[in-house]
Amino acid sequence: MSEADRVPSPAAPPAVAATAPEEKKGKEPEREKLPPIVSAGASAPAGLDRGFKGQISTFNSVISTVNQKKEATENRSSPTHLVFPNIKNVCCWCLSEKAMAPHSSTLAWKIPWMEEPVRDLPPISLDVRQKQRISTDPLSSEMKAPVLPEPVLPVQPKTMKDFLEDVEKAKSSGDWKTVYDFYLTTFDSFPELSAAFKKDASASFNTIEDSGINTKFVNAVYDALLNTPQDIQKTVLKGIINSLLQEWKGPRTKDDLRAYFILLQNPQFNNTSTYVIYAHLLRQTASLVEADHHLLAHWFKKLSQKRFKPLVERLLQFISLRLFPAKPEEFPPISKCSWWIPSASKVLALLNTANNLVHPPLIPYTDFYNSTLDHIDLMEEYHTWQSFGNSHRFSFCQYPFVISIAAKKIIIQRDSEQQMISIARQSLVDKVSRRQRPDMNMLFLNMKVRRTHLVSDSLDELTRKRADLKKKLKVTFVGEAGLDMGGLTKEWFLLLIRQIFHPDYGMFTYHKDSYCHWFSSFKCDNYSEFRLVGILMGLAVYNSITLDIRFPPCCYKKLLSPPIVPSDQNTPVGICSVTTDDLCQIMPELAHGLSELLSYEGNVEEDFYSTFQVFQEEFGIIKSYNLKPGGDKIPVTNQNRKEYVQLYIDFLLNKSIYKQFAAFYYGFHSVCASNALMLLRPEEVEILVCGSPELDMHALQRSTQYDGYAKTDLTIRYFWDVVLGFPLDLQKKLLHFTTGSDRVPVGGMADLNFKISKNETSTNWLPVAHTCFNQLCLPPYKSKKDLKQKLIIGISNSEGFGLE
């Protein structure tokens, strides 16, 4: 199964990975199907239905009474005469006796937790690498589109046109009987539900890409449902309960999967009063076998963004309100339904997989973030995940796509701090055990460098102090007095990065078309300086410092391939699957040319006259490399051009720079070796290293500190009027001028600690910036025009430290 297409399994730390296959093997027979609902006296089987089936008899007995009530109501002359309470005032886990059984003083809607305690929902998958996706590829063809038994289906009751006409007639006449009958029949069972919305009742739709469901009809029925009388909405919910309580014998059919696909789109589940029903629907969906999840993921990816996004938002809201209920009395105690959140997280993983299957995705990956999780004990979640992996202890770290980048940064920072403290404590113990006097310097990674030999000194210091890389960083410039309170460290990073990435240095090539750097493919005897760059990036993340580095997104994808350094040193690192999209982020013109080759309609062999070779210039000499054995003798044709393009891209982004990137990879992970990296997407690593590109100057204004000025002073008011009116490119230049980077830390503008100081000089002077302290020194300009003119000159004509 290719790494890019695997999915929805929770992420597990390496410590648990070794036992995963054996544990999974032992439980596989129980996951082949959902066993039938058993009576209360029967023992609950292990696996996904633990804590659920032994309690279902109470629910079943109630539903049987509800069914009798429903049969009685069907004999009435008009369903509009039925009296139902307003659905908003009904809590589904304890509906009123009057509504459901007016002639019985003993009947109440009871849910399983009222009888027996509910146990935790066991994990559903055990694969370490499947941290934020659901398995989609490559299963066998039989697994991808299983030919399941297709039962005899009910006749389709109505077409979409008929239904909409009935709704319009009901609105005008006030007689909803026809519409009521439609909803009553459609949601009565899974076969009825599938038959109502199936495009062709006689077709089996064995292709994985087509669910066979008329999604426009589904949308129309749900859109109309919310505007129908309450008795119709109640009827739909009762039908769903009946369907979920059916006794299952054997594997799910395609029509069962279609029913789950349809029911998960029900907008009624936005209402907290329906959450108990929703929870049971989520649990059954979560406990489907892998092949069924595979089908559902491909069906969900076909939804429009308008229909897909509410599914994600509904699940996120479900989790948030279960964690922090606005009205706790609406829900059973969390201890009685601990399987709610794991089930919802599993279904969210299914949707996350569907989203990742589409390019571009239906919604941004950030739309899966649940900001509510920022307010829980994240380190407890992280330690649970590290200690128990995917055992019977649930942790949100198993589903890292729901954890925001801000929350992940907190986890990484605290994990780094704990490692720093542990390393420092060990150094202190070692010193005392040898009866040596403790020295405070031993608690830090102390860098002593000369400005004139910055790269060589830094490389020597980091190589010599490799064991101290996980201590707090402190920098001293030789011959200069100064105590590093953070400013010297930031200056060291800025100067070193600026020098290493200079074109004359030859380590990286700057591509003007894409505004980014890429690794030079020139061969050399020593790749230690690439390791130094990796260590620098690692130290920046470890010490929460934002760097002004312009690597393409592909770099961060390679940096997480794999996210944990393999124990076998012969295992390749930094190798990932690459496409023309990745190449386009670095060399857009070349990527465009290769795309043109793929779409060329003429004779490729005769018109292009190319072979499976790559030509590169190295120090003025043109060198050729075969893309495959004997490549110089293999012509590129219409038949093999896809292979040629893929090998070409793989050579440029993987093979030609393997030694350089491997040194860079090991340097980064020598500092940031942590299971916390497994929680990150490549885009999130980039944000941690370089910051976010999205600016909020109003937030910067609110958090700015002043020295010599007050925020009400005329000069300050002029300044913010000018800055807030700047176009985005000038705002970025201002940020780069004052902080050394045009990007924002993960914590937002407030984390910049931006300060404006009064510069008691002539107003003819330009503003001055101290990037090490994120400080702007501003003369007291007398007019807005003068301030704007001087500020634009200052930020537009400086590079690095030119005007400081």
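1. Let me start at Glu686, which, leaving aside neighbours within four places in sequence, is in contact with Phe551, Pro553, Tyr556, Gly691 and Arg743. Contact here means heavy atoms within 4.5 Å. Glu686 lies in helix H27, residues 682-690, and is buried, with a relative accessible area of 15%. Buried stands for under 20% relative accessible area, exposed for over 50%, and partly exposed for what falls in between, with a 1.4 Å probe and protein chains only. Helices (H or I, at least four residues) and strands (E, at least two) are DSSP runs, numbered from the N terminus.

2. A word on the basis of these notes. The model is predicted, so to speak of local features needs pLDDT of at least 70, and side-chain atom pairs count only at pLDDT 80 or more, while totals for chains, interfaces and linings use all residues. Residues are numbered from 1 along each chain as its sequence is written, and side-chain values use heavy atoms, with hydrogens and water left out.

3. Now the overall picture. The chain holds 31 helices and 12 strands, and 52% of its 804 residues count as buried. Among contacts in the chain with a separation of 6 or more, 75% come from residues 24 or more positions apart.

4. For the record, rings of Phe, Tyr and Trp (its six-membered ring) pair if their centres lie within 6.5 Å; planes under 30 degrees apart count as stacked, over 60 as edge-to-face and the rest as tilted. Phe519 sits in strand S6 (residues 516-519) and Phe551 in the loop between helix H20 (528-542) and helix H21 (553-559), so the pair ties together parts that are 32 residues apart in sequence. Phe519 is buried at a relative accessible area of 3%, and Phe551 is buried at 4%.

5. Both of these rings belong to a cluster, in which ring pairs link Phe501, Phe508, Trp518, Phe519, Tyr527, Phe530, Phe551, Phe661 and Phe664. Across the whole structure, the search finds 45 aromatic pairs. Another of them is Phe331 with Trp340: the ring centres are 6.1 Å apart and the planes are at 70°, so the pair is edge-to-face. Phe331 and Trp340 are both buried.

6. Strand S6 also contains Cys516, which counts as buried at 4% relative accessibility. Not counting residues up to four places away in sequence, Cys516 touches Thr509, Tyr510, His511, Arg550, Phe551, Pro552, Gln585 and Ile586. Cys516 and Gln585 are 69 residues apart in sequence, with 8.4 Å between their C-alpha atoms.

7. Do have a look at helix H9 (residues 215-225): 8 of its 11 residues are buried, so H9 is largely enclosed by the rest of the structure. The buried residues are Phe217, Val218, Asn219, Ala220, Val221, Tyr222, Ala224 and Leu225. Their cover includes helix H6 (160-173), helix H7 (177-186), helix H8 (190-197), helix H10 (230-244), H11 and helix H14 (305-323).

8. Helix H11 (residues 254-263) also packs with helix H13 (residues 290-300), at an angle of about 50° and with the axes 11 Å apart. Axes are lines fitted to C-alpha atoms, for helices over the stretch in contact, and angles run from 0 to 180 degrees between N-to-C directions. H11 and H13 are therefore oblique to each other; angles under 35 degrees count as roughly parallel, over 145 as roughly antiparallel, 65 to 115 as roughly perpendicular and the rest as oblique. The contact is made by Lys254, Leu257, Arg258 and Phe261 of H11 with Asp292, Leu295, Leu296, Trp299 and Phe300 of H13.

9. Helix H30 (residues 728-739) and helix H31 (residues 784-796) pack at about 70°, their axes 9 Å apart, which makes H30 roughly perpendicular to H31. On the H30 side the contact involves Leu730, Lys733, Leu734 and Phe737, and on the H31 side Leu791, Ile792, Gly794, Ile795 and Ser796.

10. Finally, Leu348 in helix H15 (residues 340-356) counts as buried at 0% relative accessibility. Leu348 touches Val312, Leu315, Leu316, Ile319, Phe368, Phe401 and Val402, not counting residues up to four places away in sequence.
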